[in-house]
Amino acid sequence: MASDLRDTLNRLSEKSRFLTQRYRRVSEERKQALDQVEDLRRTLRQRDKELQTLRMQVEYLTVVSTIAPSRESLDETRARIAGLMREIDRCIADLKE
């Protein structure tokens, strides 16, 4: 009877050690998983900030390209100014006479 009790205690002791080791392993894996989740969250926040910055840049570039004159428009404006300058020079010449 005493040997049965010792065998039972030995089996319980081994199971207890096994469960303790397994608990430690699972706890360590959980800690690593939580660390990885936190790293991924940090990366996600960083990427969100980068995405927001890039979206703002796209918006600014869209506005700038809309506002910026085209080459044709710029040439037309220069031609119009040159024409007005010639007309002003003629008016000045007429006033001198």
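Ground rules come before the structure. Numbering runs from 1 along each chain as its sequence is written, and side-chain values use heavy atoms, without hydrogens or water. The model is predicted, so local features need pLDDT of at least 70 and side-chain atom pairs pLDDT 80 or more, while totals for chains, interfaces and linings use all residues.

Start with the fold. The chain has two helices and zero strands. Helix α1 covers residues 2–67.

Now the dimensions. The C-alpha trace spans about 140 × 20 × 10 Å along its principal axes.

What share of the 97 residues is buried? Buried residues make up 0%. The cut-offs on relative accessible area are under 20% for buried, over 50% for exposed, and partly exposed in between, with a 1.4 Å probe and protein chains only. The chain exposes about 9,700 Å², and carbon and sulfur atoms supply 56% of that. Areas are Shrake-Rupley values with a 1.4 Å probe; for residues, only the protein chains shown count as cover.

On to charge. There are 21 positive and 18 negative side chains, and the centres of the two sets lie 11 Å apart. Lys and Arg count as positive, Asp and Glu as negative; His and chain ends are left out. Each charge is placed at NZ of Lys, CZ of Arg, CG of Asp or CD of Glu.

How many salt bridges does the whole structure hold? Three. The criterion is a Lys or Arg side-chain nitrogen within 4 Å of an Asp or Glu carboxyl oxygen.

D39 pairs with R42, closest N and O atoms 2.8 Å apart. Both sit in helix α1, three residues apart, about one turn. D35 pairs with K31 at 3.3 Å. These two also lie in helix α1, four residues apart. R45 pairs with E38 at 3.6 Å. E38 is partly exposed, at 32% relative accessibility.

Last, the surface. L5, L9 and L12 form a nonpolar patch, with about 310 Å² of accessible area together. Patch members have over 30% relative accessible area and no salt bridge; like charges are joined within 9 Å, nonpolar side chains (Val, Leu, Ile, Met, Phe, Trp, Tyr) within 5 Å. L5 lies in helix α1. L5 counts as exposed because its relative accessibility is 53%.
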